[in-house]
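Try each task before reading its solution.

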Amino acid sequence: MRTAQQPATRHWRHAVAPGGLPLVGHALLMARKPLQFLASLPAHGDLVELRLGPRPVYLPCHPELIQQVLVNARVYDTGGPVKEKAKPILGNGLITSDWADHRRQRRLVQPAFHTARIAKYAEVMERECEAESTAWTARQPIDVSHEMLALTARVTARALFSTDMAPHAVAEIQHCLPIVVEGAYRQAIDPTGLLAKLPLAANRRFDDALARLNQLIDRMIDDYKASDDGDRGDVLSALFAAQDDETGGTMSDQEIHDQVMTLLLAGIETTASALTWAWFLLGRNPLAEAALHAEVDEVLGGRAPRYADVPRLAYTQRVFSEALRLFPPAWLFTRTTTETTELGGRRLPPASDVLISPYVLHRDPALFPRPDSFDPDRWLPERAKEVTRGSYLPFGGGSRKCIGDVFGMTEATLALAAIAGRWRMRPIPGTKIRPRPQMSLTAGPLRMIPEPR
């Protein structure tokens with residue numbers, strides 16, 4: 001197989017996406033059926049041009065082309081309409097910062113996710129996963145989406161801020177976060193930019209929720225600065241202590257605020273969505289569910305999972321990896337060229353927008369046999385070797401790969417093991433859900449019945 005450093009050595013197929021309309025281009029298709037529309041495009045070419053409003057946008061559909069984009073972050077910088085509309089919400093954090101800022105920020109934030117820190121955060125994960133697994137009533141239906149969001153909100157908030165957050169603070173995050181995420185996506189897909197300016201009730205809810213989140217973060221930062229507790233072992237402590245090895249500089253309060261907002265929005269709904277999909281898939285695949293239960297029983301012997309158990313929960317991790325393949329939370333992200341460049345033999349001028357869709361890659365039958373089938377064992381080491389390099393991107397790639405990937409995998413593994421050790425999650429007959437592409441690929445409400453094992 002040729003590497004991403006050799007994109008010009010083969011013939012690439014170019015195409016223009018069908019179905020474009022005057023003025024709006026493919027914006028209506030993206031708004032109405034984005035997953036189906038995008039997933040149809042690889043059949044047309046390796047690099048497909050579409051239009052969102054008057055602007056051309058390019059979707060690379062081949063992993064070599066996608067790797068070319070991801071590994072060259074200076075030329076393919078973060079950008080596009082999603083970034084432009086996310087920046088007033090996230091500030092200048094890891095997701096929205098330009099190449100030069102991102103390099104500096106990554107150096108400063110990375111220590112917060114070193115292995116020793118993950119082990120400390122895992123103590124929070126262990127407690128919260130065990131609390132979640134013991135809170136349900138047998139045979140009383142629950143909304144799995146709501147429960148997983150509540151769990152990941154508690155874990156992320158208490159890993160960020162190790163002080164005993166008042167219950168209302170965690171509840172505030174749980175309440176505000178979905179409103180902000182939904183509003184951010186609604187604005188991002190509006191090619192006119194007019195929707196956010198209308199006096200709509202949804203816009204007022206969004207503005208209020210965003211203001212409340214910002215105020216909560218500021219209170220936490222002020223609390224930290226007013227105390228003399230030293231390193232509390234949380235993310236906020238690591239951010240305040242971070243020092244740039246190249247410049248000796250530290251982060252300002254505003255920079256820390258923006259990183260915390262980014263980590264909240266990126267670390268809660270994404271993991272919650274993937275866990276919800278995992279329970280949905282397990283409920284419809286009894287053999288996979290039985291294999292999960294068997295591993296959990298063998299490794300844990302009836303006790304709650306601990307961080308030290310994670311390496312032995314190999315099948316549990318494969319279940320989550322396969323859920324991430326089928327329903328990647330980060331289903332779409334954008335890059336913008338900073339200079340004239342060539343992609344797949346096509347000349348792209350500066351300020352060209354490029355779409356990357358892990359969902360499209362993960363559902364391509366040329367890359368994954370039986371792509372719509374839930375098959376955790378496709379991630380067995382001997383089978384995973386057959387997966388084409390660059391075709392599996394649940395956490396992105398290159399220098400902008402998700403900084404919390406290990407945190408998320410650890411949290412999800414402990415959550416699946418803790419709950420599967422006590423419960424068999426039964427689907428409610430007739431339940432139908434469909435992916436909801438927002439900032440994350442969510443499932444919406446999913447009611448299931450927990451039965452004691």
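**Exercise 1. Find the ring that lies under the charged end of R363, and do likewise for R10.**

Solution. This is a predicted model, so treat each distance as a computed value. Start at R363: its charged end sits over the ring of F327, 5.1 Å from the ring centre. Now go to R10, whose charged end sits over the ring of W12, with 4.2 Å to the centre. A charge counts as sitting over a ring if CZ of Arg is within 6 Å of the ring centre and within 35 degrees of the ring normal.

**Exercise 2. Classify the ring pair of W136 and W423 as stacked, tilted or edge-to-face.**

Solution. The structure holds nine aromatic pairs. For W136 and W423, the ring centres are 6.1 Å apart and the planes stand at 40°. Planes under 30 degrees apart count as stacked and over 60 as edge-to-face, so this pair is tilted. Finally, check burial: W136 is buried at a relative accessible area of 10%, and W423 is buried at 8%.

**Exercise 3. Work out what kind of pair F368 and W379 form, and which parts of the chain the pair ties together.**

Solution. The centres of the two rings lie 6.3 Å apart with planes at 55°, so F368 and W379 are a tilted pair. Both residues lie in the loop between α15 (358-362) and α16 (381-384), so the pair ties together parts eleven residues apart in sequence. Both F368 and W379 are buried.

**Exercise 4. Compare the span of α6 with its expected value, then list what covers its buried residues.**

Solution. Helix α6 runs over residues 115-133, which is 19 residues. From first to last C-alpha it reaches 26 Å, close to the 27 Å expected at 1.5 Å a residue. Its buried residues include R117, Y121, M125 and C129. Among the elements covering the buried residues are α7 (144-160), α10 (235-241), α17 (405-420) and β10 (423-427). Y121 also belongs to a cluster, linked by ring pairs with F113 and F407.

**Exercise 5. Repeat the span check for α17, and say how many of its residues are buried.**

Solution. The 16 residues of α17 should span 22 Å at 1.5 Å a residue, and the end C-alpha atoms are 22 Å apart, which agrees. Of these 16 residues, 15 are buried, so α17 is largely enclosed by the rest of the structure.

Note on methods: Residues numbered from 1 in each chain as written. Predicted model: local features only at pLDDT ≥ 70, side-chain atom pairs only at ≥ 80, totals over all residues. Heavy atoms only, no water. Helix = DSSP H or I, 4+ residues; strand = E, 2+ residues; numbered from the N terminus. Expected span 1.5 Å × (residues − 1). Buried < 20%, exposed > 50% of the residue type's maximum accessible area, 1.4 Å probe, protein only. Contact = heavy atoms within 4.5 Å. Phe/Tyr/Trp six-rings, centres within 6.5 Å; stacked < 30°, edge-to-face > 60°.
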